[in-house]
Amino acid sequence: MPKLTIDGREIEVEAGTTIMQAADQLGIEIPRFCYHERLAIAGNCRMCLVEVEKSPKPVASCAMPVGEGMVVKTDTPTVLKARKGVMEFLLINHPLDCPICDQGGECDLQDEAMAYGGDRGRYKEEKRAVKEKSYGPLVKPIMTRCIHCTRCVRFITDVAGVPELGGTFRGEHLEIGTYVEKALSSELSGNIIDLCPVGALTNKPYAFTARSWELKKTESVDVFDAVGANIRVDTRGNQVMRVIPRVNDEVNEEWLGDKSRFAVDGLLRQRLDRPYVRKDGKLVAASWGEALAVVADKLKSLDGGKIAALAGDMADAEAMVAAKDLFTKLGSANLDCRQDGARIGTGPRASYLFNTGIAGIEEADALLLIGTNPRKEAPVLNARIRKRYTKGKFPIASVGPRTNLTYKYEHLGAEAAVLTAIADGSHPFAATLKAAQKPMLVIGQGALSRLDGDILLGLARKIAETCGLVKDGWNGFNVLHTAAARVGGLDLGFLPGSGGRDVEAILSGAEKGEIGLVYLLGADEIDTKRLGQAFVVYQGSHGDAGAHRADVILPGAAYTEKDATFVNTEGRVQHTRLAVFPPGEAKEDWKILRALAEQAGVALGYDDLAGVRARLVEVNPVFAAEGPAVAAWGAFGAEGQPSSDPLESPIDNYYMTDPISRASQTMAECTATFVGCAHKRTGTNG
Amino acid sequence: MSSTTTDDSFQPASFAFSAENLDKAQATIAKYPAGRQRSAVMPLLDLVQRQEGWVSLAAMNLVAEMLDLAPIRVYEVATFYTMFNLKPVGKYHLQVCTNLPCMLRGSQEIVEACQAELGVGLGETTADGTFTLSEVECLGACVNAPVIWIGDDYYEDLSVESTKALIAALKRGEEPKPGSQSGRQFSAPASGPTTLTTLAGGDA
């Protein structure tokens, strides 16, 4: 391990470390524009120049590996002069439009110019301007501001795997762009906004709405998919202005999917801000007391077997445990959190988790995808698969939709017969899995939500067991969920109890009149026409399918408006935090159920958040765990002959999958741009 | 210079190599080891330009497809090298060097002579589509300055008269002799040999 001296301080680092990384370890700040920890090294901005003894000229520290006995100086007059020179060149063509630039206040160039910029310009000639471009509805390019660091190009090419950006022309005429007018088709395109060190790429829907210093920052968790990306919710007043990712190497590194970032304008639209009660066929605004009394009376009047509750894809664990407790105490076992009818959750915890872990993908050496399109179902997780793929020696095969996943894979077909062949070892990919040290498979909701989902789950278990996916210290069996609420619901056993009905039986029961009341806890992805004559209570944040059918609407809080618990597909327990207050009279969801229980004469046994959380731990100790616990293996799934229908992904329009994104104007624009206007607006029930 | 995005009316809908050029293209691709076919991007673009006179968007997309590259990677290369014409050019593309050595030897007058003879400005094409006049950076033939580059040939040691004669010959459809227009051999001294004069008979 080479030892070197930086500014008189000695440090020993791993061979291959760059001078900049070594300096970062010492906490010595070196300015940079093109360098980024998670991208390939380019070395083209030249801002990170340092002096190295015995080197005739300043050295770009981001691209220079350390050597034994190297003596580096980062604070000499030569270094300062060199960096000032670089800054002056960068500022030659950079417009002085900070007052009207959205990056103002969080701009690397602005910050570094404070340290290295001159107090006046010496450049008297004409500045260059770049013709206006368009990258689609999400990213706003103002390429006159571009300093050609190529971070966006490297991200889109290497990380997102959708090579649509490049540097065209050269020298003075160099332009970063798509060359042909084109909307960036990556589901991760928003990340280039964060990466851009200047104001060349900014957030289009957020344009000119707020300044970074006016925003209140709340650390939270994303709920638009089951990855549970860590986010920061930026608010002003009682409005969510934008969402940006937080670093969590275990989950999302520092990336965020476009839906998670841009659908937040849906938090302002179609909101349920007061209770409603249907009178003479029309929903009429009501007070909380009135609405709760109507529901409580109905609950009390019906036998336990005639009431049912369905939890939606964004329901938090607190609300689900309160709903479960309420319905159990009312004598009902008709509970389900699987709106899509996924045949999962009855086995051990390992049967419904992404056991390998998202970071664990990087250790794997073979991958089988079953009935899933991770690019649409979990773009950030797909980026992790691609990251592993780019390191090489990672055979990937897919049984399911044939689509561009941003990496190469072998398409084995779309029929379940292939799985049977892999399970009995007659398919060549079985040998690939067996030969691998750490093989993994990912089974998606496209497989599990079919009628033969439990048979497919059993087949996947058989593959896992016969091909060596499950062994000491490695579990390569993974379920990729699409709903943020799902794993939490399964952990809480928000499932039909003994003699209880599942989602299909609840709906058919409602149709036949055997179910008198259906309580929809944010459940909108069901066919509401099938609710028949049942009395429908909708508790949720948005006026979507469920609320339209409801007889009573109880306005709940969206994920940015409550302290709530979500469990991601890996089984990682994470919490959202209240960033803004729910609109109008809307309340946090568990509190609504707590109040309803009181009206219905049921004691839930908890009155505050700490109490609910204690109850969560009581129901399932995993809620007390920090990070995902290793889940024990066991028997699950069913034996049988799977149907010959092709396996498909449950998501065909990534941009609209839930009540919030369906209410978002930005997501509607994305749908029009990338999917086509005529596209049906469906969710996971598609 | 800017991207071609705003006005693309001159872009053809499709491009295909001629049978002969397709063979050449495949032979070029085969020269590179498996997985390194992208190295053929410049020879292929050159082949396109030799066939069409310029490199259209459709042609770049085809080259990208042939080499299993993202189209943007081909755009980057094609736009980086100014020798690739991204817009249609005339049958004769007169590229006049105006860098320092040529300028000192009178390239400004050469440019003016071309403009007068052809009736077009720099970067323009004559109405009949025969001539395109461009100003280019150093062509590396400073010793024979001033220089005009047409097709695969350099026309060197130009004067206003010889430039006019050159254009007149091209207009007549002749093929003027490339190289020095002042009569000297290659880049030998313009005033005759200055060394080895005793061997002038050439019988050494």
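Asp68(B) and Lys408(A) form a salt bridge across the two chains, with the closest N and O atoms 3.6 Å apart. The model in which this pair occurs is a predicted one, and the count of salt bridges between chain A and chain B is one. Polar contacts between chain A and chain B, with both residues at pLDDT 80 or more, come to four residue pairs. On the side of chain A that touches chain B, the elements giving two or more residues are helix 4 (151–159), strand 7 (166–168) and strand 8 (175–177) of chain A. Of these, strand 7 of chain A provides the largest share, with three residues. Sorted by class, the side of chain A that touches chain B consists of six nonpolar, seven polar and six charged residues.

In terms of extent, the interface brings 19 residues of chain A into contact with 18 residues of chain B. The area buried between chain A and chain B is about 1,700 Å², and carbon and sulfur atoms give 59% of that area. Within chain A, the residues that lose the most area to chain B are Phe169(A), Arg170(A) and Tyr179(A), which together account for 45% of what that side buries.

The secondary structure of chain A comprises 21 helices and 28 strands. Along the principal axes, the C-alpha atoms of chain A fill a box of roughly 85 × 60 × 50 Å. Buried residues make up 61% of the 686 residues in chain A. Among contacts in chain A with a separation of 6 or more, 70% are accounted for by residues 24 or more positions apart.

Thr666(A) lies in helix 21 (residues 665–675) of chain A, and because its relative accessible area is 5%, Thr666(A) is classed as buried. When its neighbours within four places in sequence are left aside, Thr666(A) is in contact with Pro137(A), Leu138(A), Pro205(A), Phe262(A) and Asp265(A). Glu598(A), by contrast, is found in helix 18 (residues 589–599) of chain A and is exposed, with a relative accessible area of 51%, a value that passes the cut-off of over 50% for that class. The side chain of Glu598(A) is joined to that of Arg594(A) by a polar contact of 2.7 Å. From C-alpha to C-alpha, Glu598(A) and Ser134(A) are 55 Å apart in space, and 464 residues separate them in sequence.

Over all chains, the structure holds 55 salt bridges. One of them pairs Arg242(A) with Glu106(A), whose closest N and O atoms are 3.0 Å apart. This pair links distant parts of the chain, 136 residues apart, with Arg242(A) in strand 12 (residues 239–245) of chain A and Glu106(A) in the loop between helix 2 (77–92) and helix 3 (108–116) of chain A. The two partners fall into separate accessibility classes: Arg242(A), at 8% relative accessibility, counts as buried, whereas Glu106(A), with a relative accessible area of 30%, is partly exposed.

A further salt bridge is formed by Arg375(A) and Glu187(A), with the closest N and O atoms 2.7 Å apart. Here too the pair links distant parts of the chain, since Arg375(A) is in helix 9 (residues 374–377) of chain A and Glu187(A) is in the loop between strand 8 and helix 5 (191–195) of chain A, 188 residues apart. Arg375(A) and Glu187(A) are both buried.

Asp452(A) forms a salt bridge with Arg450(A), in which the closest N and O atoms are 2.9 Å apart. Asp452(A) counts as buried at 8% relative accessibility, and Arg450(A) likewise counts as buried, at 13%. Beyond such individual pairs, salt bridges that share partners join Arg38(A), Asp249(A), Glu253(A), Glu254(A), Glu362(A), Arg384(A), Lys387(A) and Lys391(A) into one network.

Technical notes:
Residues are numbered from 1 along each chain as its sequence is written. Chains are lettered from A and ligands numbered from 1 in the order in which they are written. Side-chain values use heavy atoms; hydrogens and water are left out. Contact means heavy atoms within 4.5 Å. Buried area is the accessible area (1.4 Å probe) that two parts lose on being put together, summed over both. A salt bridge is a side-chain nitrogen of Lys or Arg within 4 Å of a carboxyl oxygen of Asp or Glu. A polar contact is a pair of N or O atoms within 3.5 Å; within protein, one must be able to donate a hydrogen and the other to accept it, and residues adjacent in sequence count only if both atoms are side-chain atoms. Helices (H or I, at least four residues) and strands (E, at least two) are DSSP runs, numbered from the N terminus. Ala, Val, Leu, Ile, Met, Phe, Trp, Tyr, Cys and Pro count as nonpolar, Asp, Glu, Lys and Arg as charged, and the others, Gly among them, as polar. Buried means under 20% relative accessible area, exposed over 50%, partly exposed in between (1.4 Å probe, protein chains only).
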